[in-house]
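The sequence and structure come next.

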There are 2 protein chains.
Amino acid sequence: MSAAPIYDRVALIGLGLIASSMFWAMKRHGLAGEVTGFARSEATRATAREIGLCDRVCDSAAEAVEGADLVVLCVPVGAMGAVAAEIAPALKPGATVSDVGSVKKAVIESVGPHLPEGVHFVPAHPLAGTEHSGPTSGFAELFENRWSLIVPVEGSDREAVARVEALWQGMGALTDEMDAEHHDLVLAVTSHAPHLIAYTMVGVADDLRRVTDSEVIKYSAAGFRDFTRIAASDPTMWRDVFLTNKEATLEVLGRFTEELFALQRAIRTGDGDHLFDYFTRTRAIRRGIIEAGQDTDAPDFGRVKKG
Amino acid sequence: MSAAPIYDRVALIGLGLIASSMFWAMKRHGLAGEVTGFARSEATRATAREIGLCDRVCDSAAEAVEGADLVVLCVPVGAMGAVAAEIAPALKPGATVSDVGSVKKAVIESVGPHLPEGVHFVPAHPLAGTEHSGPTSGFAELFENRWSLIVPVEGSDREAVARVEALWQGMGALTDEMDAEHHDLVLAVTSHAPHLIAYTMVGVADDLRRVTDSEVIKYSAAGFRDFTRIAASDPTMWRDVFLTNKEATLEVLGRFTEELFALQRAIRTGDGDHLFDYFTRTRAIRRGIIEAGQDTDAPDFGRVKKG
């Protein structure tokens, strides 16, 4: 436990991977006093109570946010607006509302209008996740050394922004500020388009009749295994990401297919130089990522040693 | 050391990741007597001598294969034919020639015709790799619990096939037999197409002017980091893979773009059900891969703990 908690009362709305990881991280580092939680599904609330996820699990979102200094919306992006409408009357004056959605413009547009005067809105997005979802999937280390982007809205209170930032840093994250439009484009490139592509490739493998699923599974080399891991992410969350970050995702996918067609053409025409030059260039980005400390250079290719 | 070595003399032609891993694995498990090696580049041969890679590093491929019971071609697929022509006159009668190329039809077509009567040809393909290449990148555990596909040609001597299979098993690999055409299609799905897609996405990220490379690098979430790892693989090797497994790769890419367009359309028209159903289906394949023991379900998302 560190000195004083950053917030006396925190409410987590939605109890999936991110919220449960936040709970364990906040508790480990003494960042919050009482943490309340709410999930729409009764089964999720029951599981949360069983595993001690949240100091108090409430049966309504309004009850959970009552008296909270910080409310974090951890529901799929498409559900944020409705949840905001539901909790708005119960919010404490001076409270801060934040979220963890992967898309920021759509969240700001759907949540912002519901929030009463005197409540601060500080959207955020932790760039951390696993292929697992649900209340039992969280762990305190999820955010360590990962970036958490803080996306203040026009007129966001600087003190409120600084506290949200301090909370993420307290959970081990690196933080940065960015505007919503730029955030959505950056994420379309580094996360949303790659996810759609991985989903697509895994679907194609499943469809191809002349190669059995069992062959795909047995002989999935490193590349494809990474794709399947990405493509196993939560379907609801990702549906909402694509529907709400439509423009930026479609722009990046447009560029992607254009490039892919050029490479396909190089294969068809046997243009080895084009392929070689392209593949050489992409190596440099990888080196940059390793140098930036965002991944390791371990010789085992990130393979996790089995028990 | 186990009882008797499987081969008294093994020659490795080409001294990159696969050959160097084979050397360390064969030595650790006592599978080979003397192992000779040859690499076209003088610098690679010098490095190999320095680090003790191979019992004897030779200055020509012909010298390396002299008297060898097993010769393994570990050069890029596009170079296999020329190497086969070069070593053919020096091969010992009764020797076995194998290879580790990622494409099998093209290798069989380019190597087979050069081999003299009385020399056995047993193509193989270990499904193992890392993003690293070169003589210093190998390690003895690379093949452990990974599949190695043995692709006998018409009239392959069964005893010669069994010995190659035993060698791979001795290095810790699981083995299976497959015909060349089917191998090339399976690999197009599980490896070649995913690699091209990853290369493309990383190239697009680099091209997009409104997002800086530094942003891409800092904020690369899990999905994109996996892509960059794939896209950092050896450019020469992959150029040759695409040029020599052209048909199957283009077929799979055709299916891929068809599916991608359907998903793009679902995004554009806001068809959430289509997206949700697709993403739900792809989760099942991932579960199959975990159940088949080809990857782990570790909650840290395969993240390697840093020193």
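In which sense, left-handed or right-handed, does helix 7 of chain B cross helix 10 of chain B? The crossing of helix 7 of chain B and helix 10 of chain B is left-handed (the near helix is turned anticlockwise from the far one by less than a right angle; clockwise is right-handed).

## Basis

This is a predicted model, in which local features need pLDDT of at least 70, side-chain atom pairs count only at pLDDT 80 or more, and totals for chains, interfaces and linings use all residues. Residues are numbered from 1 along each chain as its sequence is written, chains are lettered from A and ligands numbered from 1 in the order in which they are written, and side-chain values use heavy atoms, without hydrogens and water.

## Within chain B

Helix 7 (residues 180-207) of chain B and helix 10 of chain B have axes that come within 11 Å and cross at roughly 120°. Helices are DSSP runs (H or I, at least four residues), numbered from the N terminus. Axes are lines fitted to C-alpha atoms over the stretch in contact, with angles from 0 to 180 degrees between N-to-C directions.

Ser191(B), His192(B), His195(B), Leu196(B) and Tyr199(B) of helix 7 contact Trp238(B), Val241(B) and Phe242(B) of helix 10 (heavy atoms within 4.5 Å).

Helix 12 (residues 272-291) of chain A and helix 10 (residues 235-244) of chain B have axes that come within 9 Å and cross at roughly 140°. This crossing of helix 12 of chain A and helix 10 of chain B is right-handed. Residues in the contact include Phe276(A) and Arg283(A) from helix 12 of chain A, and Trp238(B) and Phe242(B) from helix 10 of chain B.

Terms used: Helices (H or I, at least four residues) and strands (E, at least two) are DSSP runs, numbered from the N terminus.
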